[in-house]
Amino acid sequence: MAEHPIQGLMGVTMEKIREMVDADTIVGAPIQAAEGVTILPISKVTFGFASGGSDIGSKTSKDLFGGGGGAGVSIAPIAFLVIQNGNVRTIQLADHASTVDRALNMVPELVDKLSELLKKNKEEDPGGEATE
């Protein structure tokens with residue numbers, strides 16, 4: 001069976017969306033800053049897609065088709081990941097985050113502090129005195 005014109009219309013529109021929205025759109029290319037700092041931009045990507053068509057009957061031809069398709073993409077930066085000396089921090093651009101978002105933002109700092117505490121405890125001997 002021959003391909004219906006709407007299939008081609010939808011295929012082209014979806015291919016164009018794939019070109020616009022990929023992993024590099026959400027997590028941007030790393031930016032190298034001074035003193036070995038690497039910054040990764042994080043974006044929120046929202047997209048929509050619509051397509052439609054109609055076969056129009058005619059007395060002279062059965063092959064009349066009318067259709068259209070469209071897509072919209074919105075890209076908004078929401079945060080930056082900052083990597084420095086093996087530590088990762090999140091810098092949010094919007095301050096309307098929920099309690100869960102704020103707690104998740106604190107996780108890297110908490111992990112760093114726990115690592116330092118465990119490292120410090122390993123350096124101490126069982127008597128509680130630091131080794132030299």
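Biologist: In which strand does Val82 lie?

Modeller: This is a predicted model, in which local features need pLDDT of at least 70, side-chain atom pairs count only at pLDDT 80 or more, and totals for chains, interfaces and linings use all residues. Residues are numbered from 1 along each chain as its sequence is written, and side-chain values use heavy atoms, with hydrogens and water left out. Strands here are DSSP runs of E with at least two residues, helices are runs of H or I with at least four residues, and both are numbered from the N terminus. On that basis, Val82 lies in strand β3.

Biologist: Is Val82 buried or exposed?

Modeller: Buried means under 20% relative accessible area, exposed means over 50%, and partly exposed lies in between, with a 1.4 Å probe and protein chains only. The relative accessible area of Val82 is 9%. Val82 is therefore buried.

Biologist: Which residues does Val82 touch, not counting those up to four places away in sequence?

Modeller: Contact means heavy atoms within 4.5 Å. With residues up to four places away in sequence left out, Val82 touches Val37, Thr38, Asn87, Val88, Arg89 and Ile91.

Biologist: What is the order of the strands in the open sheet?

Modeller: Two strands pair if DSSP finds at least two bridges between them. The pairing in this open sheet of four strands is antiparallel, and the order is β1-β2-β3-β4. Since β1 and β4 (87-92) each have a single partner strand, they stand at the edges, so one side of each is left without a neighbour in the sheet.
The order asked for is β1-β2-β3-β4.

Biologist: How many bridges join β2 to β3?

Modeller: Strand β2 covers residues 38-56 and pairs with β1 (residues 31-32) over two bridges. Strand β3 covers residues 64-84, and six bridges join β3 to β4. Strands β2 and β3 run antiparallel, with Ser54 having Gly66 as its bridge partner in β3, and the number of bridges that join β2 to β3 is 19.

Biologist: Which residue in β2 is the bridge partner of Gln32?

Modeller: The side chain of Gln32 takes part in a polar contact of 3.2 Å with the side chain of this partner. A polar contact is a pair of N or O atoms within 3.5 Å; within protein, one must be able to donate a hydrogen and the other to accept it, and residues adjacent in sequence count only if both atoms are side-chain atoms. The bridge partner of Gln32 in β2 is Thr38.

Biologist: Which residue in the hairpin of β1 and β2 takes a positive phi?

Modeller: This hairpin has five residues between the strands. The residue with a positive phi near 60° is Glu35.

Biologist: Which residues make the nonpolar surface patch of about 350 Å²?

Modeller: Patches are made of residues with over 30% relative accessible area and no salt bridge; like charges are joined within 9 Å, and nonpolar side chains (Val, Leu, Ile, Met, Phe, Trp, Tyr) within 5 Å. A salt bridge is a side-chain nitrogen of Lys or Arg within 4 Å of a carboxyl oxygen of Asp or Glu. The patch is made by Met20, Phe47, Val73 and Ile75.

Notes. Areas by Shrake-Rupley, 256 points an atom, 1.4 Å probe, with all protein chains shown as cover.
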